[in-house]
Amino acid sequence: MSLSEVFRQRTQPLTKMGSSFSQLSKSVRYSIIGILIVAFYAAPYWIKVPGLKWIINTPGTSFENVLTDQIMIFVLVALGLNVVVGLAGLLDLGYVGFYAVGAYTTAIITSAHGSLPWLAAIPIGIAVSMVAGVILGAPTLRLRGDYLAIVTLGFGEIIRITANNTEWLGGPRGISNIKRPPSIGPLKFGVLNAKPYWYLGFTIILIVIFLLRRLERSRVGRSWAAVREDEDAAELMGVDTFKFKLWAFAIGAAIGGIAGVLYAGKVGFINPDNFQLQLSILFLSAVVLGGTGNMYGAIMGGFVVAWMPERFRNFSEQRYFVFGVVLVLVMVFRPQGIIPRRSAAAGISQKGESNV
Amino acid sequence: MSSSSALLEVRDLHVFYGKIEAIKGISFSINEGEVVSLIGANGAGKTTTMRTISGVRPVAQGNIFFEGEDITKLAPHDRVARGICQAPEGRGIFPGMTVRENLEMGTYIRGYKSNHKAQDLEHVLTLFPRLRERITQFGGTLSGGEQQMLAIGRALMSRPRLMLLDEPSMGLAPMLIAQIFQIVKQINSEGISVLMVEQNATQALRTAHRGYVLETGNVVKTGTGHDLLHDPAVREAYLGG
């Protein structure tokens, strides 16, 4: 038996889990979901659990900061990028651009050119990123595959370079004194305690998961699936492919924007260097590693890509080497990702996916 | 606007691929209830014509009328909504969707609230018993012939007025070819008009009421299926003498 088969069998339970889960009775399912939600809200305390501590340990940085500054952001972004890449099958290499738009919008309206509260940045950040998504999508979504990837790659760079060269946006110095989320009772959003940010971020992640599940099972979700599977055939079956691709871009952009709003509210200071091209690549790695087209795969991928470099910080210079080796190994032995989409698990590849 | 009572009328159609003129001013029509065949060799422009009628290829010059309405500039999905549905050439199915999901995509244009979906599914599965056996399989795991059936079945699910069949017999075993043309006749007997593009000219002309012969972007001959089948020039060029 080849090594890859061994790996596939070992990870088979993950694939099967989904189908056997839906066969459980409603009350059992809801209790499991409830327990999982509580467990994830308690994530900052995982580091106190003896066995778990050894696994998730993040030397050099406190786990709760890794959780809020890295994992929370990557999970959200992976969820959003999965809409574009995984559901609609559009390769976007400039996704960091939307994340930057969300963060910069927050910085502008709460610090640089306004004094609105952080909460106002949520709707405004979403709206501005969605508009950015439509502005990028409308002229470029007529392109396919590699061409689209190159144009989006350029978009991400345009955003960063524009921020770098525009005094109004703080230039290379960036923008500081970004407002933090308002305190709710005992939850104080300060510098010292990162836990409240996780509670807030995880709540937003839950809302996004809930909305995306609804969307995926709707007519919009079916349209995306058809576009991803075969754009020509989708068109011939009456799918307004352009409209739904644009929707995928807009919704993906909105989620990326929320991640940016959260990030800006947590760190309080942003500059163009926070939005390098390599982030786009890492975001895409998260989606592909986790399992393109599967929301839970994207979450898993976001977690792994955000956490692993911190886990191996002791390796100092070599930690990205370890990270790279892990990425390569997963892709060799499980090319469909850790938790693949149903059809990918069955070994069916889509036409549009050859470019990913 | 269109003076004739044709279901579909193509008037002086020109289509380009870059600078190459693939279709050089062809005209033809399909009447309600007819099966019409376009035959011709590779590169004659058959598939291009189909794609242009579906709206996936833009028209350089000329007009397409459907039930008297000029649809030349309509988007593909608007044409499907008017009742033109194409079963694309070869493997134009959704490989990562199950057979059932593929067929359900056929009803996409009718919206969620439309009735008779179960009935239509049953009808298609009766027409293609093979698809019933494969109902939970992914489209991508089907054989070429089964995928072809799936594409036709999916188009039927949209309840079209006009069905466009692009090379329905391509790559199929002889027994399956006969079966596919039998099904085309049955679909037609249910009141659906059919425009069919074929390289298998004998079978296509036997099935069709009328036919058009395409050669390098032009219509060079037209007549009833029977007449074309017995036309010496056509026999020479397309039917192997």
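Student: How many residues of chain A are in contact with chain B?

Tutor: In this predicted model, 18 residues of chain A are in contact with 25 residues of chain B, where contact means that the C-beta atoms, placed from the backbone, lie within 7 Å. Local features need pLDDT of at least 70 and side-chain atom pairs 80 or more, while totals for chains, interfaces and linings use all residues. Residues are numbered from 1 along each chain as its sequence is written, with chains lettered from A and ligands numbered from 1 in the order written.

Student: What about chain A itself, how many helices and strands has it?

Tutor: Chain A has 15 helices and zero strands. Its radius of gyration, taken over C-alpha atoms, is 20 Å, close to the 21 Å from the globule rule for 356 residues, so chain A is as compact as a globular protein of that length; the rule is 2.2 Å times the number of residues to the power 0.38.

Student: And how much of chain A counts as buried?

Tutor: Of its 356 residues, 49% count as buried, meaning that 20 or more other C-beta atoms, placed from the backbone, lie within 10 Å of the residue's own.

Student: Switching topic, what are the spans of chain A along its principal axes?

Tutor: The C-alpha trace of chain A spans about 55 × 55 × 45 Å along those axes.

Technical notes: Two residues are in contact if their C-beta atoms, placed from the backbone, lie within 7 Å. Helices (H or I, at least four residues) and strands (E, at least two) are DSSP runs, numbered from the N terminus. A residue is buried if 20 or more other C-beta atoms lie within 10 Å of its own, exposed if 12 or fewer, and partly exposed in between; C-beta atoms are placed from the backbone.
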